[in-house]
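Morning, everyone. Please have the sequence and the model open side by side. I will keep this short.

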Amino acid sequence: MYRIDSFATVDEIVETILKEKTQFEAELNLGMSFALATREGDSKSMLRLALAHYVWKNHQLDADTMAEMVAVMNWQGVKKSKAQ
């Protein structure tokens, strides 16, 4: 078991998950990584890991969830990263 790099992009996290030998190992590592990010209060990492789970499981965001995410981002004001 190891911690997934939660500072990687969502696509890179998904690639890491897909390299696991079993779905159980992938779920275990993703869950542990999310728990550690939660314990550390790292909201950005929690969001990346949650989005990676959505992509990995091939879920489609429903309109209500998408609207809620957009509303939160608009409320907080989306900030450009330093890399941009």
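First, the ground rules. This is a predicted model: local features need pLDDT of at least 70, side-chain atom pairs count only at pLDDT 80 or more, and totals for chains, interfaces and linings use all residues. Residues are numbered from 1 along each chain as its sequence is written, and side-chain values use heavy atoms, with hydrogens and water left out.

Now the overall picture. How many helices and strands are there in the protein chain? There are 4 helices and 0 strands. Both kinds of element are DSSP runs, numbered from the N terminus: helices are H or I with at least four residues, strands are E with at least two. From the N terminus on, the order reads α-α-α-α. The C-alpha trace spans about 40 × 30 × 25 Å along its principal axes.

The chain exposes about 6500 Å². Carbon and sulfur atoms supply 57% of that area. Accessible areas come from the Shrake-Rupley method with a 1.4 Å probe, and for residues only the protein chains shown count as cover. Of the 84 residues, 21% count as buried. Buried means under 20% relative accessible area, exposed means over 50%, and partly exposed lies in between, with a 1.4 Å probe and protein chains only.

One number on contacts. Take the contacts between residues at least 6 apart in sequence: 62% of them join residues at least 24 apart. Contact here means heavy atoms within 4.5 Å.

On to the helix pairs. Helix α1 covers residues 10–18, and helix α3 covers residues 43–56. Their axes come within 9 Å and cross at roughly 60°. That makes α1 oblique to α3. An axis is a line fitted to C-alpha atoms, for helices over the stretch in contact, and angles run from 0 to 180 degrees between N-to-C directions. Angles under 35 degrees count as roughly parallel, over 145 as roughly antiparallel, 65 to 115 as roughly perpendicular, and the rest as oblique. The crossing of α1 past α3 is right-handed. A crossing is right-handed if the near helix is turned clockwise from the far one by less than a right angle, and left-handed if anticlockwise.

Which residues make this contact? From α1 come Val10, Ile13, Val14, Ile17 and Leu18. From α3 come Arg48, Leu49, Leu51, Ala52, Val55 and Trp56. By class, that is 10 nonpolar, no polar and 1 charged residues. Ala, Val, Leu, Ile, Met, Phe, Trp, Tyr, Cys and Pro count as nonpolar; Asp, Glu, Lys and Arg count as charged; the others, Gly among them, count as polar.

Now the second pair. Helix α2, residues 23–40, packs with α3 at an angle of about 160°, with the axes 9 Å apart. That makes α2 roughly antiparallel to α3. This crossing is left-handed. On the α2 side we have Gln23, Ala26, Glu27, Leu30, Ser33, Phe34, Ala37 and Thr38. They meet Ser45, Met46, Leu49, Ala50, His53 and Trp56 in α3. The class count is 8 nonpolar, 5 polar and 1 charged residues.

Is Ser33 buried or exposed? Ser33 sits in α2. It counts as buried, because its relative accessibility is 0%. Leaving out residues up to four places away in sequence, Ser33 touches Tyr2, Arg3, Ile4 and Leu49. Ser6 is in the segment before α1. Ser6 also counts as buried, at 4%. With the same exclusion of residues up to four places away, Ser6 touches Ile13, Ser45, Arg48 and Leu49.

Leu51 is in α3. At 28% relative accessible area, Leu51 is partly exposed. Leu51 touches Val10 and Met69, again not counting residues up to four places away in sequence. Leu51 and Met69 are 18 residues apart in sequence and 11 Å apart in space, C-alpha to C-alpha.

Last stop: the loop between α3 and α4, where Asn58 lies. Asn58 is not a glycine, yet it has a positive phi of about 60°. Asn58 is exposed, because its relative accessible area is 61%.
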